[in-house]
Amino acid sequence: MRSPTAADLVAARDGFETDFAGLSRDADELLSVEQIEWADLIVVMEKRHKTRLTAAFGACLKDRRVVVLGIPDRYNFMQPGLVARLEPALRRLLNRGS
């Protein structure tokens with residue numbers, strides 16, 4: 001529930017479009033090459049996600065910025081503790097590009 005929460009927090013900001021997908025076979029939506037090509041910034045929650053992302057889509061990532069937030073999988077959707085961790089990290093990332 002980390003990625004949908006992050007996507008909703010970013011979508012609430014003017015001037016940003018978001019999407020999210022998973023790397024696991026049981027993900028509601030599996031990440032696609034098209035999503036990677038669309039993205040200006042790719043955010044993953046854990047270092048192991050970046051490793052899996054690189055293994056699966058390495059060639060597509062050469063011109064993409066990938067950021068690891070370091071947020072463990074122990075939160076529910078929009079849980080206040082998760083939002084408290086995501087908001088400052090996302091603010092730093094999104095303000096960097098403006």
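These are my notebook entries on a predicted model of a protein of 98 residues.

**Ground rules**

I number residues from 1 along each chain as its sequence is written. As the model is predicted, local features need pLDDT of at least 70 and side-chain atom pairs count only at pLDDT 80 or more, while totals for chains, interfaces and linings use all residues; side-chain values use heavy atoms, with hydrogens and water left out.

**Entry 1: overall layout**

I started with the secondary structure, which comes to four helices and two strands. Helices (H or I, at least four residues) and strands (E, at least two) are DSSP runs, numbered from the N terminus. Read from the N terminus on, the order is α-α-β-α-β-α.

Then I looked up the dimensions. The C-alpha trace spans about 35 × 30 × 20 Å along its principal axes. The radius of gyration is 13 Å, which agrees with the value near 13 Å for a compact globule with 98 residues. That radius is taken over C-alpha atoms, and the globule rule is 2.2 Å times the number of residues to the power 0.38.

Of the 98 residues, 32% count as buried. Buried means under 20% relative accessible area, exposed over 50%, and partly exposed in between (1.4 Å probe, protein chains only). I also checked contacts, meaning heavy atoms within 4.5 Å. Among those between residues at least 6 apart in sequence, 56% join residues at least 24 apart.

**Entry 2: α1 and Arg2**

Is α1 mostly covered or mostly open? Mostly covered: seven of its ten residues are buried. I listed them as Arg2, Pro4, Thr5, Ala6, Ala7, Leu9 and Val10.

I picked out Arg2, which sits in α1 (residues 2-11). Arg2 counts as buried because its relative accessibility is 8%. What does its side chain reach? A polar atom of that side chain lies 2.5 Å from the backbone oxygen of Ile71. For a polar contact I want a pair of N or O atoms within 3.5 Å; within protein, one must be able to donate a hydrogen and the other to accept it, and residues adjacent in sequence count only if both atoms are side-chain atoms. Leaving aside neighbours within four places in sequence, Arg2 is in contact with Met45, Glu46, His49, Ile71, Pro72, Asp73, Leu82 and Leu86.

**Entry 3: Met45**

I followed the Arg2 contact to Met45, which lies in the loop between β1 and α3. Met45 is buried, since its relative accessible area is 4%. Not counting residues up to four places away in sequence, Met45 touches Arg2, Ser3, Ala6, Val68, Leu69, Gly70, Ile71 and Leu86. I took the C-alpha to C-alpha distance to Leu69 as well: 4.9 Å in space, for residues 24 apart in sequence.

Lys47 is in helix α3 and counts as exposed because its relative accessibility is 65%.

**Entry 4: Gln35**

Next I went to helix α2, where Gln35 is found. Gln35 is buried, at 11% relative accessible area. Its side chain reaches the backbone nitrogen of Ser32 at 2.8 Å. Leaving aside neighbours within four places in sequence, I find Gln35 in contact with Asp19, Phe20, Ala21, Glu29 and Leu30.

**Entry 5: the largest pocket**

How big is the largest pocket? I get a volume of about 1400 Å³. Of the 41 residues that line the pocket, the closest to its centre are Ser3, Asp19, Phe20, Ala21 and Val43. The elements giving two or more residues to the lining are α1, α2 (33-38), β1 (41-44), α3 (47-57) and α4 (80-96). The largest share, six residues, comes from α1.

On the method: on a 1 Å grid over the protein atoms alone, a pocket is an open set of points where a 1.4 Å probe fits, with protein on both sides within 12 Å along at least five of seven lines, and lining residues have an atom within 4 Å of a point.

Last, I checked Met78, in the loop between β2 (65-68) and α4. Its phi is near 55 degrees, a positive value in a residue other than glycine. Most residues other than glycine have a negative phi. I put Met78 down as partly exposed, given its relative accessible area of 34%.

How values were computed
Grid points are joined across faces, edges and corners, and a volume is the space filled by probe spheres set on the points.
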